[in-house]
2 protein chains.
Amino acid sequence: MTTWQQVAEAKRAQREALLPAAYKVAADKLPPAGTDSVIDFARTCGVLSEREVEITETDDVSVLLARLASGHYTAVEVLEAFIKRTCVAHQLANPLTEIHFEDAREWAAELDAELKSTGKVRGPLHGLPMSVKDQFQIAGSDATIGYISYANKPSKSDSVLVDVLKRAGAVPFVKTNLPQTIMYSETSNMLWGTTVNPHNRTLHPGGSSGGEGALVAMKGSPLGVGTDVGGSVRIPATLCGVFGLRPSSHRYPYEGAINSLVGQITIPSVLGPLSRSLSGLTEFSKAVLAQQPWLQDPQTPSMPWNTERFEHARTQKKLNIGVMWHDGVVKPSPPYERAIKQVLSTLGSHDVVDFEAFRTIEMLEILGDAFCADGGKDIEAAIAPLNEPLGPCFSGIGKREATGYEVWQANKRKLAFQKAYLDHWNATAQQTKDGRPIDVLIVPGFAYTAVPPGNEIYIGYTGIFNVVDYPVVVMPVTKVDPKVDGSAERTDFLNPDDEKWYGLWDAEKLVNAPVGIQIVGRRYEEEAVLGYAEQIWNAFSASKAG
Amino acid sequence: MTTWQQVAEAKRAQREALLPAAYKVAADKLPPAGTDSVIDFARTCGVLSEREVEITETDDVSVLLARLASGHYTAVEVLEAFIKRTCVAHQLANPLTEIHFEDAREWAAELDAELKSTGKVRGPLHGLPMSVKDQFQIAGSDATIGYISYANKPSKSDSVLVDVLKRAGAVPFVKTNLPQTIMYSETSNMLWGTTVNPHNRTLHPGGSSGGEGALVAMKGSPLGVGTDVGGSVRIPATLCGVFGLRPSSHRYPYEGAINSLVGQITIPSVLGPLSRSLSGLTEFSKAVLAQQPWLQDPQTPSMPWNTERFEHARTQKKLNIGVMWHDGVVKPSPPYERAIKQVLSTLGSHDVVDFEAFRTIEMLEILGDAFCADGGKDIEAAIAPLNEPLGPCFSGIGKREATGYEVWQANKRKLAFQKAYLDHWNATAQQTKDGRPIDVLIVPGFAYTAVPPGNEIYIGYTGIFNVVDYPVVVMPVTKVDPKVDGSAERTDFLNPDDEKWYGLWDAEKLVNAPVGIQIVGRRYEEEAVLGYAEQIWNAFSASKAG
């Protein structure tokens, strides 16, 4: 009988074989392991031409799309540039799982031919290379989600998302790493290994969409897609210093993606984009909804992109902004407060009010009850076939399985929590000058910055928005800088957990670790939160430029 | 200790005391029990003035609203007319539970004063009296949903729906009957008694929103609100000969409504309007969404009324229409086929194709698994305090409680069913002339017409659209007519169930029982299905007029 080790070894060898030798940097030319950023290593490594560096460093997805649509860049050359940069990124941080370079070259050539012969782009994402988390199916490769037992069962068809992206003209070319079970905010499994943080490779990239976070940060992909059931888009976005969007549940089509805990519908997992530009999130959202994904995914509500709502939010003169400085249980590492203050200082005349943390412990219990109602049976079934080891994950294994009635009571508690949180949000009307509730809420991106792999996790800062199901944009703000952050010293611990997490804080060791914020909007108002985020980002980035 | 009988008796006495004596018809002036329709009895019973008859017989809600907005009718006089007619209706069919005449008179007077002083209506439903199913809370009265143990716990605040309606200018004035547990499609409980069908009082009105069905049919209310988790808006609409709308889940705000099986989220219960006019459903939908109910109900998606979608559907020249003549398990009573043919014959040049029934048995299992996952604990807990008897209902009592993992597997099966059904719908593109899938699906309103109370239920024709969560408009078409329907004779039974239900069919006994159809659209496209229904209704009613 084949062992899990043999299967994993064979899969990794297959992956290796699909990476062109010409796109590899000689081992002795690679940067040494350590805390230095390797984000820009590809620029000078010799694999990419000057034009390819220019292409891959066109961070603004709108600009890249315009150049593809005008023919300034061909789809084929853009793809090849990103393939090269992805290969270099992989040597540095191990973000990849399945490789679709050959398929992608074919699709890109078709797009070029189509544009040439018709004068028209195929769709709004014409020619854009894209990466997707290993949950999404691309016909022909596996979608193992880190389970070795899922290997060698190639997908027969594309996930709805992949189909939608291809119809919009995108070129999916690679799939990315995640933790086995997906229920963890680091990115390591026995099949594909560990993905590290390219800003400081002694640290993890967050998870579960950590392959996306690392790859997008390294400019190996201009736009990637992750999923988020407790923070899995936002954590790697924050920890890898890129933009990320967690939409409300089912807004974008999850149909046909492989998942853990299928049938757990109390807190639905959602998919969302990661990009180095805010425009990447907006272009993704507009393009996906323009394909009417509700005609293919029965869970996706028939809600076209609401242009009016987006335009209103991005041009609204006076914003009411709430700030939740901490969640009342674990205070975030010091640079998060610095990041929020830095952003606020650029915002001009908006009305900023403090937003009180809301029942964090109860929220974490609600998440736990939802994810563990099966007593771990789902994950046990997944690892059983090859008796593969279980990596670190959040699961019901070892917990008592709930009964049907208990599942209902847990749902009831969650529904009541959502109502109470909505009332809490609306009550900010009593704090603002114009008597309207806050338009957006700013929250630390996470409780801590990237830390070394192998730690526990705390998802209070992200999990709350899975429970209430609000859309969130992650915006990168700054990085850990020992010169600025080194002197912070806390003794005012809220509880032992708070103290434990603070114990991991060490500006010297965590140097370069990105720090981001979450910008939170009302449920199903993705357009509004993207519009408000644009205002906030424009003010902030103008101040950096100025 | 108080017995359940004492509580019920006291509640009924309270109800009786709130019905003005002057609005009662002397017992000897009431029509005799029997199969005759009592819909129009109020017209000549002496309680209503000529003008009040005119008001209550203004079936078209848009017209009534226009007359209220222009001051042609005052809110006070419209309310009093409907109060009178409701009191007469109650004597005839027992549709009422809680009475809010005094509150409503106050609200109506305020609306009149507001219109007079400002020249403006409060909102789109200005001055419209409305009834709501007993699940909805109006501050000050109970919301027992037929459980005697829930009595004498008056609501402290309004359900979000009631609040939204009041802000839109509506005047909720009465609450209506339902079966204990709500999980049944008749309308009878030990607290409020049995509601009968006003078209033929030997028959039941359907359920669970049977109080609404009967009251709206009798013109005691121009617009009522029911709920639907297996057909509970559509069944009484069909069986009472009125229009009804089942929207997609959470589109309209359910927050703060009392319910059974709270926490059962696999198949969510939804709320929807019943009215004697299609315009009632449309005015309701526009008005409710105009109040932005998502600011109060965390489950309601932030989806404003989509005018463009509505206008497109009501003016689209060529419709692709599917017809599911039967569900493959229980063929509908003969007049349903007659009703569908009658409608189709008026439709002109649209493209009509047969729609194949889809896995009805599996769908019923999915419904059963969802509703019974608690092994009946929810309902047991509700009847325990007073040891009240359990009326006929669909519950998990006597069934094994599911485990958490089994709940997930049941959800998984349901999600897969929804995808398969969507594919089945899309596949109709192969049957139509223009290669587009069907725009709407026409389905019998129910398997049978109204039958005498105390029967079993079969919800195959309605439950399917709860499982797939599609919006459905019920349109009244015809009535059982022994002269036309009496000769039908079937022997081609699909199975014993089919034969059993056919055994209840008897045109003589079921004379006058209404017959309706369901017009089904795509998920979350309430605007489209209302627009398409308008086209179908206009063609059909023009043919009746012509």
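User: Where is B:Asn387 found?

Analyst: B:Asn387 is in the loop between helix H14 (377-383) and helix H15 (404-426) of chain B. Helices here are DSSP runs of H or I with at least four residues, strands are runs of E with at least two, and both are numbered from the N terminus. This is a predicted model, where local features need pLDDT of at least 70, side-chain atom pairs count only at pLDDT 80 or more, and totals for chains, interfaces and linings use all residues. Residues are numbered from 1 along each chain as its sequence is written, chains are lettered from A and ligands numbered from 1 in the order in which they are written, and side-chain values use heavy atoms, with hydrogens and water left out.

User: Thanks. Is B:Asn387 buried or exposed?

Analyst: B:Asn387 counts as exposed, at 64% relative accessibility. The cut-offs are under 20% relative accessible area for buried, over 50% for exposed, and partly exposed in between, with a 1.4 Å probe and protein chains only.

User: What about the phi of B:Asn387?

Analyst: The phi of B:Asn387 is positive, about 50 degrees, although the residue is not a glycine. B:Asn152 also has a positive phi, of about 65 degrees, and is not a glycine.

User: Where does B:Asn152 sit?

Analyst: B:Asn152 lies in the loop between strand E2 (129-133) and helix H7 (160-167) of chain B. With 47% relative accessibility, B:Asn152 counts as partly exposed.

User: Changing topic: which peptide bond is cis in chain B?

Analyst: A cis peptide bond links B:Gly207 to B:Ser208, with omega about 5 degrees. B:Ser208 is in the loop between strand E5 (193-194) and H8 of chain B. In chain A, the bond from A:Gly207 to A:Ser208 is cis, with omega near 5 degrees.

User: And how many residues of H8 in chain B are buried?

Analyst: Eight of the eight residues of helix H8 (residues 210-217) of chain B are buried, so the helix is largely enclosed by the rest of the structure. Among them are B:Glu212, B:Leu215 and B:Val216. Just after H8(B), B:Lys219 takes a positive phi of about 65 degrees.

User: Nice. Now B:Leu289: which helix is it in?

Analyst: B:Leu289 is in helix H10 (residues 278-290) of chain B. B:Leu289 is buried, with a relative accessible area of 3%.

User: What is B:Leu289 in contact with?

Analyst: Setting aside neighbours within four places in sequence, B:Leu289 is in contact with B:Arg251, B:Tyr252, B:Trp294, B:Met303, B:Pro304 and B:Trp305. Contact means heavy atoms within 4.5 Å. The C-alpha atoms of B:Leu289 and B:Pro253 are separated by 9.2 Å, and the two residues are 36 apart along the chain.

User: Where is B:Ala539, then?

Analyst: B:Ala539 is found in helix H19 (residues 526-545) of chain B. B:Ala539 is partly exposed, with a relative accessible area of 24%. Leaving aside neighbours within four places in sequence, B:Ala539 contacts B:Thr346 and B:Leu347.

User: Which surface serves the copies?

Analyst: The same surface serves both copies, and 100% of the contact residues of chain A recur in chain B.

User: Last one: how many helices and strands does chain A have?

Analyst: Chain A has 19 helices and 13 strands. Of its 546 residues, 63% count as buried. The C-alpha trace of chain A spans about 60 × 55 × 50 Å along its principal axes. Among contacts in chain A between residues at least 6 apart in sequence, 80% join residues at least 24 apart.
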